[in-house]
2 protein chains.
Amino acid sequence: MPDAVRARAIALSLMLATALAAPLAAQEAASGWNEFALIQSGANSRPGPRQLPARSIPVPQAGVSPGQQAVIAAPYPPGWNAAPRTVAEWQDLVVRNAAPTLAALPGLREQLGVTSEPVTIAGVKAFVVQPRVLPAVNRDRVLLHLHGGGYVFGPGEAGTREAVLLAAHGGFKVVSVDYRMPPEAPYPAALDDSVAVYRDLLKTTSARRIGVFGTSTGGGLTLALVLRAKAEGLPLPAAIAPGTPWSDLTETGDSYFVNEFADNLLVSWKGWLGHAAALYANGHDLRDPYLSPVYGDFTGFPPAILTSGTRDLFLSNTVRVHRKLRQAGVEADLHVFEGQSHAQYYADPSAPETIEYHAEVARFLDAHLAR
Amino acid sequence: MPDAVRARAIALSLMLATALAAPLAAQEAASGWNEFALIQSGANSRPGPRQLPARSIPVPQAGVSPGQQAVIAAPYPPGWNAAPRTVAEWQDLVVRNAAPTLAALPGLREQLGVTSEPVTIAGVKAFVVQPRVLPAVNRDRVLLHLHGGGYVFGPGEAGTREAVLLAAHGGFKVVSVDYRMPPEAPYPAALDDSVAVYRDLLKTTSARRIGVFGTSTGGGLTLALVLRAKAEGLPLPAAIAPGTPWSDLTETGDSYFVNEFADNLLVSWKGWLGHAAALYANGHDLRDPYLSPVYGDFTGFPPAILTSGTRDLFLSNTVRVHRKLRQAGVEADLHVFEGQSHAQYYADPSAPETIEYHAEVARFLDAHLAR
């Protein structure tokens, strides 16, 4: 069957199943459910892959704030399934992705009382992001921030949003690395830049007073940076906060499948995400621990706090790292937010969940960084 | 449309979608995927419920031991969709459910060097389960075990399997409560019996040396017991280990929907589970905190360690409790195992994940119970 014809047939059957399933859900006790359950049992009557029917998943109401519900209910983002083929197509996607963040940042900084200053550290572009008044306890501490965005999104100031939030909620001075990215600069540019800035920070600040954090790709980079620091004999940071880290660039991990199409931010590895992995890796093995740190050796890692959501496409990326850290005897906290897709714990700056997430991370870093 | 006709139409469209989707997955870059993605975007183009297509979910290979993979790959259990209408039908289901556990228990106890002795405490049936040689550090400590099984399964010795495992792996003396269950004894019998045994333990053992644990319904009962202890002014246990607790007896919580049909143990709330909730509640409000403890006040709760899996139908039951504990300022550890459905962290006694789970729980209890 030609692809287009097959796709149309799938689409038709999906729409049919969805339309039919919705009213059925309302009458669970009816004979319709029993017959459906029997068929579903039959489809799963042998060991092996699990067969899931088409379904309509309600927006969670309990344990989720109204602001967060709106985030969870949102449609898929434009561009989730982009497959850029040229440098110009990637750049266009990156610029369009950055626009809303860039527009919102000045207001967010103003509202939260945070300043942002572009700097160059060891030849690498970065931003120093900090609250107007730095609490005395944090005067000699610094956080290194590695932004998310699949190694392609969030250039320049657009990558600093998360730094602004933790600077405000934790009262920390943050150095946010504007690392080089593909198509122009694939692996290992991003990691090299991150390590270069970390090396430079070590000249003026004890590693015992340094924390490293970042979400998604920033979480993966955080883990890769510690692997590199270990390999290069650098002192390790006092604590790390890899949020829903992109720890496996291959489509490996159960939630890549179970949460596919349920996660309304990333939606599927087969969207732009998988293309970004290939673009960044530039021919390197995706399972190299510097690209997919879940395959690295976590022995001796600093204490870590990890965060994800029940619908997160990266839930497995997160819990696989958590378990490997624990197996290595590392202190590691795990937090999973109800109903959230990828990185939605900081989507709405005013949602209680966002405040709660930052309070957890700030508390953890404060407990582990020397004063 | 009559139910049976609709069910058949759904089943047909599901099978069609599954059959068509499988070969499609193999050729993600083909134009078929792009068209499919467009349709999927269209179905999720408005805020609200999420539309999920039918899918085939592979058995996870990475980060999951071979023994655990077999557990994850297993077909749905017989009886998952049972809807018993009489006492006799419930009893038949319970007896058939207990048979394999009862058959395996003597060998398991022998292999792990654990003894089990039936006792009566405060008029309640229980079992004292302990290793042949009790480590000196645990001589004055005791764990209270509340077994799982939806308030209907696991009568008598069949409820002690989890107690045997933690007695062995943690070197603890465990009192496993054989609480009364419906149809004969609905709510509050199970909770009353659990509290009665706890009260009696307090006569000889300081609460500082008592831990309480249990999986699923046992986790819900553990939380409800602490709520009752608070209300009755009893000293609270030193620590609790509610594993994937049935904290919400209503079909509320995102993973009831996202993990429906992916969880191969419970499969769906609409199976026997929802019927068991109604049977136990016996007309009481399912949202009463003694039935659904997630609606309770967790202020002052003892330190807790919670465990779930990425496919667990109760993942939300677990993380909602974790977040509420953290919001109440309670020390609470969360562990989520890759690819596991409900309570599969102790399904295969010899799987590395089972050893790891018990090591985490034993370490946590040891750290919080006085010696």
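At 7% relative accessibility, B:Phe36 counts as buried (buried means under 20% relative accessible area, exposed over 50% and partly exposed in between, with a 1.4 Å probe and protein chains only). The model is predicted, so local features need pLDDT of at least 70 and side-chain atom pairs count only at pLDDT 80 or more, while totals for chains, interfaces and linings use all residues. Residues are numbered from 1 along each chain as its sequence is written, chains are lettered from A and ligands numbered from 1 in the order in which they are written, and side-chain values use heavy atoms, without hydrogens and water.

Aromatic pairs were examined next. A pair of aromatic rings is described by the distance of the centres and the angle of the planes. Rings of Phe, Tyr and Trp (its six-membered ring) pair if their centres lie within 6.5 Å; planes under 30 degrees apart count as stacked, over 60 as edge-to-face and the rest as tilted. Over all chains, the count by this rule is 28 aromatic pairs. One of them joins A:Phe261 and B:Phe36 in an edge-to-face arrangement, with 5.4 Å centre to centre and 80 degrees between the planes. This pair crosses between chains: A:Phe261 lies in the loop between helix H8 (255-258) and helix H9 (269-281) of chain A, and B:Phe36 belongs to helix H2 (residues 31-43) of chain B. Helices (H or I, at least four residues) and strands (E, at least two) are DSSP runs, numbered from the N terminus. A:Phe261 is buried, at 3% relative accessibility.

B:Trp246 and B:Phe314 form a stacked pair, 6.1 Å centre to centre and with 15 degrees between the planes. B:Trp246 is in the loop between E8 and helix H8 (255-258) of chain B, and B:Phe314 is in the loop between E9 and H10 of chain B, so the pair ties together parts that are 68 residues apart in sequence. B:Trp246 is buried at 0% relative accessibility, and B:Phe314 is buried with a relative accessible area of 0%. In chain A, one aromatic cluster includes A:Tyr151, A:Trp246 and A:Phe314.

Charged side chains also sit over rings (NZ of Lys or CZ of Arg within 6 Å of the ring centre and within 35 degrees of the ring normal). The charged end of A:Lys324 is 5.5 Å from the centre of the A:Phe298 ring, and B:Arg228 lies over the face of B:Tyr290 at 5.9 Å from the ring centre.

Chain B holds an open sheet of eight strands in the order E3-E4-E6-E5-E7-E8-E9-E10, with mixed pairing; two strands pair if DSSP finds at least two bridges between them. Strand E3 (114-121) and strand E10 (332-337) of chain B are the edge strands, each pairing on one side only. Strand E9 (residues 304-309) of chain B runs parallel to E10(B), joined by six bridges, and B:Ser308 has B:Val336 as its bridge partner in E10(B). Helix H10 (residues 315-327) of chain B lies across E9 and E10 of chain B, at about 155 degrees to E9(B). Axes are lines fitted to C-alpha atoms, for helices over the stretch in contact, and angles run from 0 to 180 degrees between N-to-C directions.

In chain A, strand E3 (residues 114-121) and strand E4 (residues 124-131) pair in the antiparallel sense over eight bridges. A:Glu117 has A:Val128 as its bridge partner in E4(A). The hairpin of E3(A) and E4(A) has two residues between the strands, and A:Ala122 takes a positive phi near 55 degrees there.

Methods. Contact means heavy atoms within 4.5 Å.
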